[in-house]
Each structure stands twice: as C-alpha cells, then as structure tokens.
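Have the model open as you read.

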Amino acid sequence: MNYLFDFYQSLLTSKQKSYMSLYYLDDFSLGEIAEEYDVSRQAVYDNIKRTEAMLEQYEEKLLLFKKFQERKEMFTKLKELASGLQEEEKMTALIEALEKLD
C-alpha cells in the first residue's frame with residue numbers, strides 16, 4: 001500500500017493524504033488519528049479503507065506501479081548484460097521493451 005500511496009497520492013484529497021500518511025508512514029493508530037482530527041475511530045477507518053480501494057483502482061487503470069517494477073527489473077537485467085557485451089541481441093530487446101513502457 002505504501003508504494004501505491006507514493007505513486008498516486010497527488011490524486012487524493014488533503015484529508016485522505018493526511019490519514020494515509022499518519023497511518024502508513026507515521027504508524028499512528030486509528031484512535032490517534034481520530035483524536036487528532038476530532039472524529040470517530042470508525043470515520044478514520046472508513047476513510048482509510050475507501051482510500052485504499054481508490055488507490056487499488058488507480059493502479060488497475062493506470063498501472064504506474066506495475067510499470068515501475070517492470071522497468072526496475074529490466075534495468076537490472078541491462079546492467080547484468082552490460083558486463084558481458086557479447087549478448088548484444090538480448091540487450092537490444094530489453095532496450096526496446098523499456099521504450100514501449102513509456
């Protein structure tokens with residue numbers, strides 16, 4: 001969830017960002033967040049669950065995190081191949097695959 005929050009936080013409202021940041025990044029409990037914002041614990045829970053669902057929907061549609069992971073994996077393979085340049089065909093195929101991601 002942290003990665004999805006990193007990728008899509010700019011699409012969230014300020015309240016959603018605050019709740020998610022406190023809960024996932026600062027490790028606040030639901031009760032602590034509720035006390036901070038003077039709302040019920042249930043309201044915080046509902047907001048976080050709705051926001052998690054939204055983040056998952058964004059990823060299903062936009063695939064930013066999936067593409068990030070694929071690029072990272074391809075770069076790792078490119079680095080391995082660069083150490084042995086005799087495998088030029090594989091290097092060219094990976095570079096072309098990277099270009100298609102963006």
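Helix axes are lines fitted to C-alpha atoms over the stretch in contact, and angles run from 0 to 180 degrees between N-to-C directions. Note that this is a predicted model.

**Helix H2 against helix H4**

The axes of H2 and H4 lie 10 Å apart, at an angle of about 100°. Angles of 65 to 115 degrees count as roughly perpendicular. H2 and H4 are therefore roughly perpendicular to each other. From H2, the contact uses Lys15, Gln16, Tyr19, Met20, Tyr23 and Tyr24. H4 answers with Val44, Asn47, Ile48, Thr51, Glu52, Met54 and Leu55. By type, the residues of this contact are eight nonpolar, three polar and two charged.

**Glu52**

Glu52 sits in helix H4. Is Glu52 buried or exposed? Its relative accessible area is 8%. Buried means under 20%, so Glu52 is buried. Beyond its neighbours within four places in sequence, Glu52 contacts Met1, Met20 and Tyr24.

**Nonpolar cores**

In soluble globular proteins, nonpolar side chains tend to be buried together. The largest nonpolar core here has 14 residues. Ile33, Val44, Ile48 and Leu55 have the most contacts inside it.

Val44 touches Tyr19, Leu30, Ile33, Ala34 and Val39, leaving out residues up to four places away in sequence. A second, separate core has seven residues, including Met74, Leu78, Leu81 and Leu98.

Methods
Residues are numbered from 1 along each chain as its sequence is written. This is a predicted model: local features need pLDDT of at least 70, side-chain atom pairs count only at pLDDT 80 or more; totals for chains, interfaces and linings use all residues. Side-chain values use heavy atoms; hydrogens and water are left out. A nonpolar core is a set of buried Ala, Val, Leu, Ile, Met, Phe, Trp, Tyr and Cys residues joined through side-chain atoms within 4.5 Å. Buried means under 20% relative accessible area, exposed over 50%, partly exposed in between (1.4 Å probe, protein chains only). Contact means heavy atoms within 4.5 Å. Helices (H or I, at least four residues) and strands (E, at least two) are DSSP runs, numbered from the N terminus. Angles under 35 degrees count as roughly parallel, over 145 as roughly antiparallel, 65 to 115 as roughly perpendicular and the rest as oblique. Ala, Val, Leu, Ile, Met, Phe, Trp, Tyr, Cys and Pro count as nonpolar, Asp, Glu, Lys and Arg as charged, and the others, Gly among them, as polar.
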